[in-house]
Amino acid sequence: YEGKDEIWLADLTGRMLREGTKARAADVLARELAVMGGELNVGVGPDTATVSSEVLAERGADAARLLAEVVREPLLPASDLARVKAGLARDLAIQKSTPQALAQERFHRAIYGEHPYGRLFPTEAMLDGYTIEQVRGFHQARYTPAASRLYVAGVFDAAALERAIRDAFGGWQARGAGAEAQPPGTKPARQFALIDRSGAPQSTLYLGLRVPDPTSADWVALQVANSLLGGSFASRITTNIREQKGYTYSPFSAVNPHRRDAYWAEVADVTTADTGAALKEIFSEIERLRREPPPAAELRGIQNYMTGTFVVQNSSRQGVISQLSFVDQHGLGDDYLASYVKRVMAVTPGEVTRVTREYLAPERMTLVVVGDRKTVEPQVASWATGQ
């Protein structure tokens with residue numbers, strides 16, 4: 001996790017990893033990976049950072065050695081820091097100009113408070129103030145062997161590649177100790193926020209609350225309930241406010257996992273004049289699923305969709321790695337993936353209603369609306385006052 005005054009320091013460190021290693025300049029590193037059919041990919045999320053490349057099968061050992069250099073001995077040049085920060089500053093300005101980012105930021109702050117999950121964007125001054133010493137310190141403390149996992153998927157000589165990996169990473173020593181990551185605290189009470197975008201033709205809705213994490217016995221049933229409610233194209237909320245009412249084009253809901261935490265959210269961009277009506281229909285569908293078990297045929301269609309998607313995801317190299325990483329991150333054990341399809345198909349209509357009633361309670365949900373205040377405020381007055 002980043003500290004309170006380190007928002008996007010992880011992102012900055014990730015981008016600086018692209019600037020070469022102590023043995024290879026950035027352009028040399030890029031050319032060598034290109035010859036192998038790949039490129040350097042660095043991704044930074046709320047819980048993890050990933051350094052990866054996809055290369056020709058016969059070049060796997062060479063790629064492993066290069067990735068080890070990037071992770072273990074990055075150059076992190078002071079001369080490139082200003083340019084990299086400028087790129088992040090542009091990204092920050094672009095994101096903060098969108099209603100979706102504004103809604104997401106306010107929603108996360110509401111449900112997570114001062115926990116790192118609640119801090120999505122730095123200020124321009126904070127980003128501009130980061131030093132190369134902070135970047136190097138973050139790398140030293142967070143990029144450690146004990147905190148890392150290495151995954152390989154594809155066609156390769158397993159014995160030869162394992163030898164190369166052990167040779168490249170075997171001497172990696174921890175050089176710092178990052179603070180123990182703490183889970184978020186008590187779940188907050190219901191909150192509401194209306195962010196004004198004068199004259200906006202659409203309102204962005206962000207509705208949700210924190211729910212059990214992937215280690216919960218109800219995790220799979222909650223995923224099924226979400227897919228039926230708003231997490232698939234055939235879901236009830238999507239059918240209602242997109243297909244039947246035409247209030248929005250692409251609504252969706254998801255159960256989003258963090259380490260030892262998760263949250264459920266329904267997100268939609270709706271026509272400004274229909275903001276209140278769309279919210280009414282969303283809450284109506286939530287209450288219907290809390291009250292009445294879904295028909296068996298409807299549930300089976302959702303289960304078939306989920307299991308089919310699971311199989312398709314696992315048909316790609318990145319899909320396999322993503323699944324293995326998910327299991328490791330949450331400590332789910334070797335049986336999780338092997339039994340996933342069976343457990344999805346075993347969820348009953350009664351269980352769907354039970355987990356919806358237990359975890360998706362409207363009276364505990366936080367709602368953020370970004371839109372034209374003068375038009376939207378009268379439509380959401382009852383929610384704002386808690387009536």
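How many salt bridges does a search of the whole structure find? The search finds 24 salt bridges, a salt bridge being a side-chain nitrogen of Lys or Arg within 4 Å of a carboxyl oxygen of Asp or Glu. This is a predicted model, in which local features need pLDDT of at least 70 and side-chain atom pairs count only at pLDDT 80 or more, while totals for chains, interfaces and linings use all residues. Residues are numbered from 1 along each chain as its sequence is written, and side-chain values use heavy atoms, with hydrogens and water left out.

| Salt bridge | Closest N and O atoms |
|---|---|
| Glu-114 and Lys-4 | 3.9 Å |
| Arg-59 and Asp-62 | 2.8 Å |

Glu-114 and Lys-4 are both exposed, where exposed means over 50% relative accessible area, buried under 20% and partly exposed in between (1.4 Å probe, protein chains only). Arg-59 is partly exposed at 24% relative accessibility, and Asp-62 is likewise partly exposed at 24%. Arg-288 and Glu-285 lie 3 residues apart in helix 11 (residues 275–291); helices are DSSP runs (H or I, at least four residues), numbered from the N terminus. Glu-285 is buried at 7%, whereas Arg-288 is partly exposed at 30%.

Gln-323, in helix 13 (residues 317–330), counts as buried because its relative accessibility is 12%. Leaving aside neighbours within four places in sequence, Gln-323 is in contact with Phe-310, Gln-313, Asn-314 and Leu-337, contact meaning heavy atoms within 4.5 Å.

Methods:
Helix = DSSP H or I, 4+ residues; strand = E, 2+ residues; numbered from the N terminus.
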